[in-house]
Structure formats: C-alpha cells, structure tokens
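Work through the exercises below with the structure in view. Try each task before reading its solution.

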Amino acid sequence: MRMSHLFGRTLREAPGDVELPSHRLMLRAALIRPLGAGIYSLLPLGWRVVRKVEQIIREEMNAIGGQEMLMPVVHPADIWRESGRYESVGPEMSRFKDRGERDMVLAMTHEEVVTDLARQEINSYRQLPMLVYHIQTKWRDEPRSRGGLIRVREFTMKDSYSLDRDEAGLDVQYHNHWRAYERIFRRVGLDFVVVGADTGMMGGSASHEFMALSPYGEDIVLICPSCGYADNREVATFRREAPANEPLLPMEDVETPNATTIQALADYLQIPLAKTAKAVFFKGDSGRFVFAVIRGDLEVNETKLRKAARETGLTPATTEEIRAIGAEPGYGSPVGVRDALVVIDESVRDTPNLVAGANRPGWHTRNTNAGRDYQPDVVADIAAAEAGFPCPTCGEPMIAERAIEVGNIFKLGTRYSKALGADYLDEEGQSHPIVMGSYGIGSGRVSATIVEQHHDERGIVWPVTVAPYEVSLLWIGSAEDTAPQEAADRLYHELEEAGIEVLYDDRNERAGVKFNDADLIGNPIRVSVSPRTLERGEAEIKLRSAAEAQFVPLSEVVPAVRVMLDELYARLTGEAAD
RNA sequence: CGGGGUGUGGCGCAGUUGGUAGCGCGCGGCGUUUGGGACGCUGAGGUCGGAGGUUCGAGUCCUCUCACCCCGACCA
C-alpha cells in the first residue's frame with residue numbers, strides 16, 4: 001500500500017479530550033474515527049488490525065470444531081419475550097417498531113437466536129455435540145461509553161455457542177474454549193489472567209473472564225501471587241479469621257453525637273473499626289428493602305449482596321425509605337427494624353459485642369449480637385476483597401490489579417433451551433433440554449487493548465501478528481535525486497512479490513515526518529533507503545521495538561526481513577517462546 | 001441517571017470592561033530545502049454547537065436546548 005493513496009491521515013495532535021493511550025494513538029495513527037458517542041468507523045489501517053484479530057480467533061475456533069455462521073442484528077421481540085429478557089433487560093437494549101408496528105430489538109447478544117435455530121435443527125442426541133459461532137455487530141446502549149474502542153455501544157464480537165446433551169459435554173466445550181482463548185490472546189500478544197466471574201444477566205452456573213492487565217481497566221481482579229488464585233473482585237473471596245470467642249455482654253446505649261460515620265464512631269469511642277457494625281441500605285428491584293450489615297473494617301460488595309438477597313439489582317435507599325423501616329441514616333441498626341430483609345456478613349456473625357447504631361440520631365448501641373438481639377434473614381459472604389487480604393486458598397496476601405475484560409466463557413446450562421423449548425431425544429426416546437454454553441470475545445476491544453499494552457511515547461508497537469502491515473518502507477532525500485525513490489520502489493515490489501505486507505511511504509515528505517509516522521503507526525519492521533545508505537548499496541532495517549538499526553545490502557533486504565518476521569512470528573505463535 | 005467540564009476554520013487553542021473574529025499546525029499555489037514533524041511568499045477556509053432573549057450592537061450577558069469528554073451509578 002502506498003501511503004500517498006492511503007485513506008485516513010495521521011494526526012500530529014489528538015483531540016484534547018481523549019484520555020486513554022489506545023484512544024489517542026488509534027485516532028492519531030488513523031485507525032479509527034468517531035461518528036457519535038461510542039460509535040466508531042474503522043479506517044483502512046484499523047480495519048486491517050481488527051480483521052487480523054478476527055482471523056486468529058477464527059482459526060482457533062475452527063480448531064476446536066467451531067462452525068462459522070452469521071445471525072441477524074435485528075430480531076423480532078418475540079424470541080426475547082420467550083426467554084424473558086425482553087422484560088428483564090433494561091434500556092441498554094434498543095427497541096423499535098417496524099412499519100407493521102411489530103416490536104423489534106437490536107441484538108445485544110445472540111443466545112435467543114441460536115436457541116431458536118437449535119430447536120429447529122437439533123432433534124437427536126446423534127447431532128450433538130455442536131459448536132457454532134459468528135463474528136457480528138452488537139448494539140448495547142451503554143449508559144456510558146468511554147475510552148475509544150475499549151467500551152463502545154456498537155461493537156463487533158465473536159460469540160460462540162455450544163450445544164450438548166449433558167453437563168459433561170458442556171464441561172468439554174468449556175475447557176476447549178478456555179484453551180482456545182489462551183492461544184488466541186497469546187497469539188495477539190496480550191498479557192492476561194483468567195479469573196472467576198459473576199454470571200450477571202446471562203444466568204448460568206459458571207463463568208470465567210479473560211482479563212488483560214492494564215492501569216486503565218474498568219474491572220479489578222484479585223490475584224494471589226503465591227498460589228495463582230485469581231477472581232474478579234465482584235466474586236473474590238478471602239480467608240476469614242476464626243470466630244472470636246468472648247462472652248456476650250448485655251446491650252447498652254451510648255450517646256455518640258455527630259458520629260455518623262464508622263470512622264468517627266470508632267474515634268469517638270476509642271475502639272477499632274473491627275468492633276463496629278456498619279449498616280448499608282438498599283432498595284432491591286423487587287421493591288424489598290435490603291438491610292446489609294457488615295463489620296466496620298470491611299466494605300460491602302454489591303454483587304455478592306445482590307446474590308445473597310436474590311435481587312436482580314440494588315439501588316441505594318433514600319433517607320425516607322430508611323426511616324420508613326424504623327432505621328436512622330448514620331445510626332442504623334438491625335435491632336428492631338421492620339419490613340426489611342436483613343443480610344449480615346459472616347464477619348458480623350463471627351464477631352461478638354459489636355457497636356451498632358441505635359436507630360435514633362446521636363446514639364449507638366454497644367454489644368449487639370446477631371442471633372441474640374436480632375435475627376438475620378440471610379448470613380452470607382457479602383464482603384469486598386481488597387489488596388492485602390489473605391488468599392482464600394493459601395492465606396498469603398493477595399494483590400489487586402486493574403484489568404480489561406477481553407473475553408469470557410459462560411456455562412449457560414438449560415436456561416435458554418428450556419425457555420425456548422430446544423430439546424433433543426436420547427437413545428431411549430426421552431426428551432431433554434439442550435445444555436448450552438456461550439463464549440465471547442470483542443474484536444475491537446481486543447485491538448484497543450493490544451495498543452494499551454504495546455505502545456511507547458512515539459506511538460504504537462504492534463505485535464507482528466496483528467500489525468496493519470508487516471513492514472513500513474520509506475525513502476528519504478530530496479525529490480530531485482531520484483535514486484532513493486527508485487531504490488525504494490524496487491524494494492516495494494520485491495517485498496510485495498515475496499508476500500510481505502508493506503506500507504510504503506512514497507510521499508515527498510521530510511525524513512522527520514516519515515519516521516514519526518512510521519513510529520506512530522507502529523508496524524514492526526521499518527526499512528529505509530537514503531542517499532547515505534545507497535552510497536554503500538544498502539538499506540537500513542530497524543525493528544520498531546528496538547533502538548538500533550542494522551544495514552544490509554539492497555539485494556539482501558527481502559531475505560533479511562523474512563528472517564526477522566519469522567522470529568517475530570515465532571515469538572508469538574511458537575509453543576516454546578520466550 | 002447524578003456530579004464536573006468543553007463546544008470558536010480539518011486539528012490544537014486565544015479572544016480584555018459587550019464594539020463587527022485571530023494564532024499555531026494542517027490544506028492549495030510558487031520558490032528554496034531534504035536523515036527525526038523545514039523556511040519564505042501567497043491563497044482558500046469560520047451563520048463562534050443550536051434556539052430564544054437583553055442591547056444601538058452579543059463569540060462575550062441571560063434563558064432554554066443539543067452534542068461530546070471526564071468521574072460515579074450501570075454493564076457478558
């Protein structure tokens with residue numbers, strides 16, 4: 001490709017309001033352009049990257065028996081009504097009516113369509129197991145898109161769906177995907193961890209997320225450096241201390257003016273945070289008031305609380321709602337509240353004589369004890385794990401890292417097949433629901449995440465497997481002296497004939513412009529010729545990732561580039577590798 | 001949805017107490033240059049996000065509105 005004809009110009013300066021490195025660089029390097037909030041065009045260079053990512057995904061999905069297909073982006077609302085998600089999914093799903101006043105939706109995922117297909121096509125255990133996938137546009141009207149291609153509203157995702165007769169079959173497909181995903185992310189050059197995750201709106205029994213570590217990640221993962229335990233913070237647990245063994249003391253009210261926070265309370269009474277009980281109030285989607293109690297030194301994890309309370313969602317309660325159940329903001333206590341689901345953390349069950357609120361302003365109560373003074377409706381782990389907390393499996397301190405979710409795998413089970421009636425007949429002629437799994441990778445997000453992990457102050461440093469082109473070729477010198485251009489033209493044709501992808505900067509620009517653009521775009525190998533190199537009949541070859549260049553005779557450029565490319569590819573695809 | 005911020009030429013920005021819009025980069029032409037974002041001359045390009053209002057006069061003041069960005073809520 002000649003840069004003089006390339007659609008899309010590099011930008012010397014990025015728009016002032018973009019923050020993420022990947023967002024800045026992808027704009028500057030002419031990979032993407034915004035159309036609206038969370039909606040992007042992929043320019044030719046960006047599209048090449050995404051297509052390479054998708055091709056790697058395709059190869060690995062095919063390798064585990066996946067069959068590629070394509071399902072529609074516009075769905076009749078009916079199949080979403082059948083699964084129950086037409087009602088349960090909120091405004092992130094966009095709905096509209098067609099000219100016949102029929103309810104339609106824009107696809108945010110494709111479980112319903114696959115299940116609909118499965119009930120038509122699959123009748124017998126003889127047809128199972130099956131694995132289908134597609135790479136298709138999704139629309140999710142996110143309340144807040146941000147960060148370039150990391151979090152967008154319109155995006156492209158590879159989603160695969162496994163169909164099996166039983167859990168054992170699902171386990172195999174789940175494991176196959178796990179392995180395939182590891183190969184995919186290794187091949188595109190991502191540094192990642194696999195963590196246990198919440199199953200969220202998908203339902204289902206198990207889920208893992210593939211997390212690329214990045215300071216700009218939106219998720220937090222807890223990792224144990226000692227034993228390898230890793231979980232999304234939403235579900236991460238930690239080893240609890242043994243229950244304290246001390247006699248239960250009688251309750252006693254104590255005046256605590258202005259002690260509306262746990263810290264103020266502990267300071268005022270001169271006690272550790274761990275001797276206080278903190279009340280946190282929520283209103284559940286069901287309309288129920290959820291009264292969570294946790295020890296003062298811990299924080300409530302809303303995902304865990306949501307599960308413990310069996311709510312689909314929680315919102316912080318208002319002052320009026322809190323007073324309506326007989327509690328008092330800042331001085332809340334589970335003792336004596338009414339019309340509320342009381343959920344206590346294990347820490348509250350296991351720590352006697354906690355100081356809690358007295359449900360009246362300015363007063364707390366000493367020596368409250370769950371079970372004696374009030375009956376919790378649920379005792380559960382609702383505590384957020386933090387960096388430094390002991391690992392649940394080995395007890396060593398864990399670390400917390402920010403990460404970007406680049407892939408996930410879900411065991412759906414029979415949630416959708418039961419709802420839509422996707423059954424098969426077994427050897428005895430008995431009907432059973434198909435056991436399903438779903439597995440996603442966002443190709444645009446993967447591309448942006450690669451940039452997050454592979455850039456320097458000059459621009460992007462693409463892993464060779466996903467670079468827009470393998471080689472940036474350029475000539476420098478004056479336009480009058482045609483020797484460098486002619487040499488570069490010859491190299492361009494030689495490289496292309498050798499099957500090497502070349503982005504040829506044939507523009508009549510100064511050296512600085514060409515070098516800076518080459519660095520910005522970040523193709524892994526740069527080949528340049530100039531009057532200086534031509535004096536010795538040589539070209540300069542430089543790795544984007546290296547500081548030093550080497551010089552080779554013009555006739556050796558193609559084989560030299562070939563060798564360097566082979567090494568770069570081997571590093572990412574070879575089993576051994578660094 | 002809450003909080004904060006920004007909208008002035010393609011990009012980055014300036015614009016005073018309200019007085020008829022400017023700078024850098026980029027873009028076209030000519031010339032000089034040519035190994036890390038050159039220089040000179042010249043030229044094109046803006047209903048100042050939109051609507052309404054105050055005023056003799058609004059980029060500037062007021063009201064409403066739209067878009068985008070950041071934080072949070074939210075989220076396969």
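**Exercise 1.** How much space lies in the second largest pocket, and which residues are closest to its centre?

*Solution.* The second largest pocket holds about 460 Å³ of space. A pocket is an open set of points on a 1 Å grid over the protein atoms alone, where a 1.4 Å probe fits, with protein on both sides within 12 Å along at least five of seven lines; lining residues have an atom within 4 Å of a point. The volume is the space filled by probe spheres set on the points, which are joined across faces, edges and corners. Of its 17 lining residues, Thr10, Leu11, Arg507, Val513 and Asp517 are closest to the centre. Helix 14 (residues 511–521) gives the largest share of the lining, five residues.

The model is predicted: local features need pLDDT of at least 70 and side-chain atom pairs 80 or more, while totals for chains, interfaces and linings use all residues. Residues are numbered from 1 along each chain as its sequence is written, and side-chain values use heavy atoms, without hydrogens and water.

**Exercise 2.** Why does the end-to-end distance of helix 2 agree with its number of residues?

*Solution.* Helices are DSSP runs of H or I, at least four residues, numbered from the N terminus. The expected span is 1.5 Å times one less than the number of residues. Helix 2 (residues 44–63) has 20 residues and should therefore span 28 Å; its end C-alpha atoms are 28 Å apart, which agrees. After helix 2 comes Gly65, with a positive phi near 95 degrees.

**Exercise 3.** Which residues does Trp462 touch?

*Solution.* Contact means heavy atoms within 4.5 Å. Leaving out residues up to four places away in sequence, Trp462 touches residues including Leu31, Val49, Ile521 and Pro524.

Technical notes
Chains lettered and ligands numbered in written order. Helix = DSSP H or I, 4+ residues; strand = E, 2+ residues; numbered from the N terminus.
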